[in-house]
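Biologist: Please take a close look at one part of this model and walk me through it. I would like the local detail first and then what surrounds it.

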Amino acid sequence: IGINGFGRIGRLVMRAAQNDPMVNIVAVNDPFIPVKYMEYMMAFDSTHGRYPGVVSIQDEQTISLDNKPIRVFGEMDPANIKWGDVGADYVIESTGVFTKMEAAAKHMA
């Protein structure tokens, strides 16, 4: 699964996925949040509290949750995100921007 948007909803999805062994988050996209700040927000979330596991940065394109790598994209246009290259079969649109089918379909490009 890929997550588009790492705001309040995207982080909630990420946390919920960590508790379900059937869900595998492989990537997250957010063009407005640098990787270092993603790490901080996931670890010390003012809405959801502290993450109970380990959050770290592997490199400028990868964060790690409990030693599981998650690819980070910073694309404005969903058509430019390589979801398939990272193994995402589904994308959770959590930005609130792509609410019409035509706009959300760009994730499938």
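In the hairpin of E6 and E7, which residue takes a positive phi, and how many residues lie between the strands?

Modeller: The residue is Asp-66, with a positive phi near 55 degrees, and the hairpin has two residues between the strands. This is a predicted model, in which local features need pLDDT of at least 70 and side-chain atom pairs count only at pLDDT 80 or more, while totals for chains, interfaces and linings use all residues. Residues are numbered from 1 along each chain as its sequence is written, and side-chain values use heavy atoms, with hydrogens and water left out.

The strand labels come from DSSP runs numbered from the N terminus; a strand (E) has at least two residues and a helix (H or I) at least four. Two strands count as paired if DSSP finds at least two bridges between them. E6 and E7 run antiparallel and are joined by four bridges. Within this pair, Thr-62 stands opposite Arg-71 in E7.

Thr-62 itself lies in strand E6. It is buried, because its relative accessible area is 11%; buried means under 20%, exposed over 50%, and partly exposed in between, with a 1.4 Å probe and protein chains only. Leaving out residues up to four places away in sequence, Thr-62 touches Val-35, Ile-57, Pro-69, Ile-70 and Val-72, where contact means heavy atoms within 4.5 Å.

Each strand of the hairpin has a further partner. E6 pairs with strand E5 (residues 55-59) in the antiparallel sense over four bridges, and a hairpin of two residues joins E5 to E6. There, Val-55 stands opposite Leu-65 in E6. E7 is joined by three bridges to strand E2 (residues 27-29), and these two run parallel. In that pair Asn-29 stands opposite Phe-73 in E7.

Side chains of opposite charge can pair when their charged atoms come close. With a salt bridge taken as a side-chain nitrogen of Lys or Arg within 4 Å of a carboxyl oxygen of Asp or Glu, the count comes to two. In one, Arg-11 meets Asp-45, with the closest N and O atoms 2.4 Å apart. This pair links distant parts of the chain, since Arg-11 is in helix H1 and Asp-45 in strand E3 (residues 44-45), 34 residues apart. Arg-11 and Asp-45 are both buried.

In the other, Glu-39 pairs with Lys-36, the closest N and O atoms being 3.9 Å apart. Both lie in helix H2, three residues apart, about one turn of the helix. Glu-39 counts as buried because its relative accessibility is 18%, whereas Lys-36 is exposed, with a relative accessible area of 60%.
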